[in-house]
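Hi everyone, thanks for coming.

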Amino acid sequence: MIICADNMRTIPLTLLLLLTVSCTSQPNRKQLTLAVVSGAEGEALKQAARDYETQTGTHIEIAQFPYTNLFEKELIDLKSRTGAYDLIMLDDPWFPRFANENVLTELTPLLQKRGQSGPDPDFVEASLNVCRHPFQTGALYALPYVGNSQLFFYRKDLFDKYSLKAPSTWNDALAAAKTIHEKETNGANGGRVYGYVMRAAQGNAAVADFMPIFWAFGGEMFDANGKPSVNSAQGIAALQFMLELGKYAPPGYPSFNADEVGAHLLQGTAAMSINWPAWISSFSDSAKSKVIGKMEFGQLPAGKNPGRAEIGNWLIAIPRESKNADAAMDFLLWATAAEQMKLSAQRGNPPTRKSVFNDPQLVAKFPSYPAQLRSLESSRPRPRTPLWNEIENAFGIYLSKANSGELPAEDAMNQANAEIKKIIERGK
């Protein structure tokens, strides 16, 4: 027997032990840790994780990092095999590095365990391709969550005003930029409407805006033997064309990133740009936009080759060292199912499923969805090399130097090619 101090009652010891266990122990429940990126893409997945916990009882711990830190945080953990994360978000250009390091879980066996021979064919093929290693044909190591691909933004009202056709080629875009730049001297803020605006800051910014021009002109990062070839005649011509567009861009554009480009478009001081779907909703927001109902979202213009957007999907993968791979797979399939992806789309994320892109309710809310789906289906990935982050940074430096006038186009491409060659040699 034992005395209960508060009321001096006696309680049998066995009963006390039962009461203690019932009060202090929690029922066994599954727990997962998920690494997400800051911003709209990560916020939607965080909300999905909270919904999943409410429905299933599985607790999901969130580790959130800014874009600039996420790659390094994830790669260090996965290579050190700490097993800190059960699921991670990946920007698709990072995927070849992670797959090459053999730090991700192959998903097909987990799908087969659930009676599925492979991923749902409702996923856009281009989105699934960047989840495979080797690209397009290899094993599946992720599922696509956010279906970003570039679009061509242009002011339809100004194109109509000057009887300009929607730019189907880059020459069309250049001619329109020149016309609008010369004729629109009193824009929304009383100043000039610049014909074109682009990102040309060093690194990712300049490369992302250049690649659709580069591809359209017939440029390729590597030749058939895998050797760097950005300084081909086609590559040099593409950069020379980018500099021509720059003549109709706002002052300071060689240092522009997404915010500066978006600000010019929203304020009505620039007429055209390559941009990402995340910006589309801002053009209907009266607190942000001075061009409501005036912006059109179309496909990337063509050159020698058909116009193709750069794909920029966010993927979800399961680290190889996760101790909860089965529970992680359950969440991954749930989060990427059509019903959940529709909720993610309503929260601002472009989907990766055809059925969600074609959902009538979503198309009514997001009229650009048909154009986004066409762009995604025909999109191209950045070169699938584990060295891409280093290559992109170097390439972007020389592109930015050309746009700032520091180097002629040919010199910039020759120096970029030499630097990329060094990176490839060091990586062997």
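Before we look at anything, one term: when I say that residues touch or are in contact, I mean heavy atoms within 4.5 Å. And some housekeeping: this is a predicted model, where local features need pLDDT of at least 70 and side-chain atom pairs count only at pLDDT 80 or more, while totals for chains, interfaces and linings use all residues. Residues are numbered from 1 along each chain as its sequence is written, and side-chain values use heavy atoms, with hydrogens and water left out.

Let's start with S149. Which residues does S149 touch, if we skip those up to four places away in sequence? They are W276, P277, A309, E310, I311, G312, Q372, S375, L376 and S379. S149 sits in the loop between β8 (143-146) and β9 (151-155). Those labels are DSSP runs numbered from the N terminus: helices are H or I with at least four residues, strands are E with at least two.

Is S149 buried or exposed? Its relative accessibility is 1%, so S149 counts as buried. For that word, the cut-off is under 20% relative accessible area, with exposed over 50% and partly exposed in between, using a 1.4 Å probe and protein chains only.

S149 also has polar partners. A polar contact here is a pair of N or O atoms within 3.5 Å; within protein, one must be able to donate a hydrogen and the other to accept it, and residues adjacent in sequence count only if both atoms are side-chain atoms. The S149 side chain makes one with the side chain of S375, at 2.9 Å. A polar atom of that S149 side chain is also 3.2 Å from the backbone nitrogen of L376.

Next stop, R353, in the loop between α13 (338-346) and α14 (354-357). R353 counts as buried because its relative accessibility is 6%. Its side chain makes a polar contact with the side chain of D120 at 3.1 Å, and a polar atom of the R353 side chain lies 2.7 Å from the backbone oxygen of T336. Leaving out residues up to four places away in sequence, R353 touches several others, including F123, V124 and M341.

Now some strands. Two strands pair if DSSP finds at least two bridges between them. In general, strands of a sheet pair through backbone hydrogen bonds, either parallel or antiparallel. Here, 3 strands make an open sheet, ordered β10-β9-β11, with antiparallel pairing. At the edges are β10 (272-275) and β11 (295-298), each pairing on one side only. β9 and β11 share 4 bridges, and F153 stands opposite F297 in β11.

Over at β12 (residues 314-317), W314 and I316 point one way, L315 and A317 point the other way, and all are buried. β12 runs antiparallel to β5 (residues 87-91), joined by 4 bridges, and D91 has W314 as its bridge partner. β12 is also antiparallel to β8, through 3 bridges, where L143 partners with I316.

Last, a helix pair: α9 (residues 204-216) and α17 (residues 388-403) pack at about 85°, axes 7 Å apart. Axes are lines fitted to C-alpha atoms, for helices over the stretch in contact, and angles run from 0 to 180 degrees between N-to-C directions. The two helices, α9 and α17, are therefore roughly perpendicular, a label for 65 to 115 degrees. Among the residues making the contact are F210 and M211 of α9, and F395 and L399 of α17.

Notes:
Angles under 35 degrees count as roughly parallel, over 145 as roughly antiparallel, 65 to 115 as roughly perpendicular and the rest as oblique.
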